[in-house]
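Subject: Structure handover

Hello,

Here is the structure I promised to pass on to you. Please have it open while you read my notes below.

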Amino acid sequence: MSRPGFLLSAWPWRSVSYLLTGAVTGAAALVAIVTVAAVCGALAIVVVGLPLLVVVALSGIPVAWVERHRLRLIDHDPAADQHQEPAAPGLWSWLTTRLREQTTWRELGYALLLAGLLWPIDALAITVALLFPLSMVATPLLMATVGDGHEAKVLKQWTVTTWPTAFGVAVLGLLLMGLCGYVLGVAAGARAELTRLLIASREGELDAKVVELANSRFRLVDAFEAERRRIERDLHDGAQQRLVALTMTLGLARLDAPPGPLADQLAKAHEEAGKTLAELRELIHGIHPKVLADYGLQAAVADAADRSVVPVDVDLELPGRLPQAVESAVYFVVCEALANVAKHSGADRAQVSGGHRDGRLFLQVRDNGRGGADTSAGSGLTGLADRVSVLDGRLALSSPRGGPTLLRVEVPCELAKAADRSA
């Protein structure tokens, strides 16, 4: 509205269209609500009345649908539908979802407000800011047609009997139309902002986007874990078996070959194949260890502690299995933490402890080393924090100079059901 060409643009007429369709929509909503209420009053039997009350509760949904589309007349930012998707197909699932969500009741409240208050205001704004100036502009035409060139009524209040006065009133009407163009723009803008606040608030859209982003992030984590398990299975059942067969073939050829350069080359090839097989087994174990998949986080942490160079005491009590993504992420945090203890801490003892309570997994890795661990020194702790944050978890590090070092992990999660584990 601050631009010089506002009055010559389409925005004043878009404002008029918005307010005019608002008056029509509100009047139609009033008729519909009064009709449904009258039917509910006439059919007061519970068997019949209850479905009608449900209809009343859901009557705000079509009104809100129309209002979100009408907002396009005055607002470039589209208004998203904030209703949730039903958990299952079918009418019953749709009804229960709609009756339980807050958006449905906000839309019902808006429909009642529109039917009882807003549409008369829209009609009044159109009447005062558009019809009155137009009737003044039309004064010469009215004087020439209705008044036979002798007189004309201005706004049904004043009588004009001369042509100069008639044209003067028309010029005044044109000036008022320019002023009322801004008035209509302000009225339509305020009306659209109120509508968006009640049924399509930007904060609600942002919350919905955040929820969808969190859900998509969890889906990506699950897909990543499934792909990693597939790679582990393919390596275990494919490449590893071929390497085992190759190692056995080289061993048999080495035994059959006579002493000499050929036997030496076969021995070297057999040794290299054995090293490659060992590295591949270590890689497979690092991708997704079988003990983690079969027995869970508690057994996998105990296995990692047994393989650690530094002696590790394990005090981890879990009442059941956790979601696969949580088990995998926390397991690799523990493995990386124990690797850092062995490489950098100078500790001669470490401890892994934790448990699950109040819907959260708590886990601590402590060592009695020299301390001074720095997340910016390439220790891999930043990557661990990112891995935990994907699950809405937190990773905290306390490592003063002189030790001890304490790594604390906290991840919100519930115990996984058997069906979820098998999936």
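A nonpolar core here means a set of buried Ala, Val, Leu, Ile, Met, Phe, Trp, Tyr and Cys residues joined through side-chain atoms within 4.5 Å. Buried means under 20% relative accessible area, exposed over 50%, and partly exposed in between, with a 1.4 Å probe and protein chains only.

Some housekeeping before the findings. This is a predicted model, in which local features need pLDDT of at least 70 and side-chain atom pairs count only at pLDDT 80 or more, while totals for chains, interfaces and linings use all residues. Residues are numbered from 1 along each chain as its sequence is written, and side-chain values use heavy atoms, leaving out hydrogens and water.

The largest nonpolar core has 37 residues, and Leu 297, Val 326, Val 330, Val 352 and Leu 361 touch the most other members. Several elements each supply at least two residues of this core, among them helix H11 (297-307), strand E3 (312-317), H12, strand E4 (350-357) and strand E5 (360-367). Helices (H or I, at least four residues) and strands (E, at least two) are DSSP runs, numbered from the N terminus. The largest share of the core, 11 residues, comes from H12. A second, separate core of 24 residues includes Leu 71, Ile 74, Leu 130 and Ala 188.

Leu 361 deserves a look of its own. Leaving aside residues up to four places away in sequence, its contacts (heavy atoms within 4.5 Å) include Leu 297, Val 326, Val 330, Gly 355 and Cys 413.

Now to H12 itself. Gly 346 follows H12 and has a positive phi, near 70°.

On to the strands, where pairing requires at least two DSSP bridges. E3 and E4 are parallel, with six bridges, and Leu 316 sits opposite Gly 354 in E4. E4 and E5 run antiparallel and are joined by eight bridges; Gly 355 has Phe 362 in E5 as its bridge partner. The E4-E5 hairpin has two residues between its strands, and Asp 358 in the turn has a positive phi of about 55°.

Finally, the cysteines. Cys 413 is buried, at 7% relative accessibility, whereas Cys 335 is partly exposed at 22%. Zero disulfides turn up in the whole structure, a disulfide being a pair of cysteine sulfur atoms within 2.5 Å.

Best wishes
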